[in-house]
Amino acid sequence: MSRFLAFALAVVSASSAWAETVSVAAAISLKDALGKIAVQYRSDTGNDVEFTFGSSGQLSKQIQGGAPVDLFISAASTQVDDLAKANAVIAETRTVVAGNALVAIVPGDATVAPTSTKELDRPEFSKIAIGEPNSVPAGEYTAQALKNANVYESVKEKLVLGTNVRQVLDYVERGEVSVGFVYATDAKISGEKVRIAYAVGEREHSPILYPAVVVSESKKREVAKQFLAYLLAEKAQGELASFGFTKPPANDTVKTVK
């Protein structure tokens, strides 16, 4: 743990007598992990966390519209970039807190499954669920993979667009589509309802990283920074790992949250 993180956590603990609630808007793929981390955070600090979960694109628009959010955690850089251009976030607080992987999944009882993205134009894969690429990072990553495999044009009429990655997961769990693309962490929480057909190669799409940033209009900037520091510390990183998230790049793990 860096000296800054140790100091920030000490400050959080010392200030627990004046409990605060920090408002966090986060990509829905983080819902289960952040729920457990919030319980630990409350126990360790006395402070609370109020979450709003959804697609990163939807949350970004809400923040630009003035939603009362202190900290934003996106599943892609695009949405944070857009907010930074609009001066809606404090750019120097931007820090990657986790990573993930993209997988193709099929219903648990499926009798046929693709082994690569190039096979998706086969007729047996009649419906393919992905997140809406313009607002859902998982959908954006999937579209990149489809284009890199030169099958996007041949499968675009098969695509069923979800408003977030959990809706895509739900489509596959209910057997409403042949194939769906979600994060590895989503497939893990689904258990036997789905099975992973294959993992999409890292070179087929942009790196899947979760940047977090403090919102400019936040009235609780210091508390937001403290929760961000907590997310980077060993206990929270261990919880994220237990859900299948990967560690942020080394240079981001120890980045000072200013």
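Predicted model: local features only at pLDDT ≥ 70, side-chain atom pairs only at ≥ 80, totals over all residues.
Residues are numbered from 1 along each chain as its sequence is written, and side-chain values use heavy atoms, with hydrogens and water left out.

The open sheet has the order β7-β6-β8-β5-β9, and its pairing is mixed, two strands being taken to pair if DSSP finds at least two bridges between them. Its edges are formed by β7 (159-162) and β9 (194-199), each of which pairs on one side only, and the twist from one strand to the next averages 35°. Within this sheet, β5 (residues 102-107) and β8 (residues 179-183) run antiparallel and are joined by four bridges, with V103 having V182 of β8 as its bridge partner.

Two helices accompany these strands. Helix α5 lies across β5, β6 (128-131), β7 and β8, and runs at about 120° to β8, where axes are lines fitted to C-alpha atoms, for helices over the stretch in contact, and angles run from 0 to 180 degrees between N-to-C directions. Helix α7 (residues 165-173) packs on the sheet and touches β5, β6, β7, β8 and β9, its direction making about 140° with that of β8; contact here means heavy atoms within 4.5 Å.

The protein chain as a whole contains 11 helices and 10 strands, which are DSSP runs numbered from the N terminus (helices H or I, at least four residues; strands E, at least two). Of its 258 residues, 52% count as buried, that is, under 20% relative accessible area with a 1.4 Å probe and protein chains only.

In helix α4 (residues 77-85), the residues Q79, V80 and L83 are buried. These residues lie on the same side of α4 because they cover an arc of only 95° around the axis, the arc being that of the directions from the helix axis to the C-beta atoms. The cover over the buried residues of α4 includes α3 (56-64), β3 (71-73), α5 (137-148) and β10 (209-214). After α4 comes N87, whose phi is positive, near 55°.

Helix α9 (residues 221-232) and helix α10 (residues 234-242) pack at an angle of about 60°, with their axes 5 Å apart. The two helices are therefore oblique to each other, a class left for angles that are not under 35 degrees (roughly parallel), over 145 (roughly antiparallel) or 65 to 115 (roughly perpendicular). Their contact is made by Y230, L231 and L232 of α9 together with E234, K235, A236, Q237 and L240 of α10.

Methods: Buried < 20%, exposed > 50% of the residue type's maximum accessible area, 1.4 Å probe, protein only.
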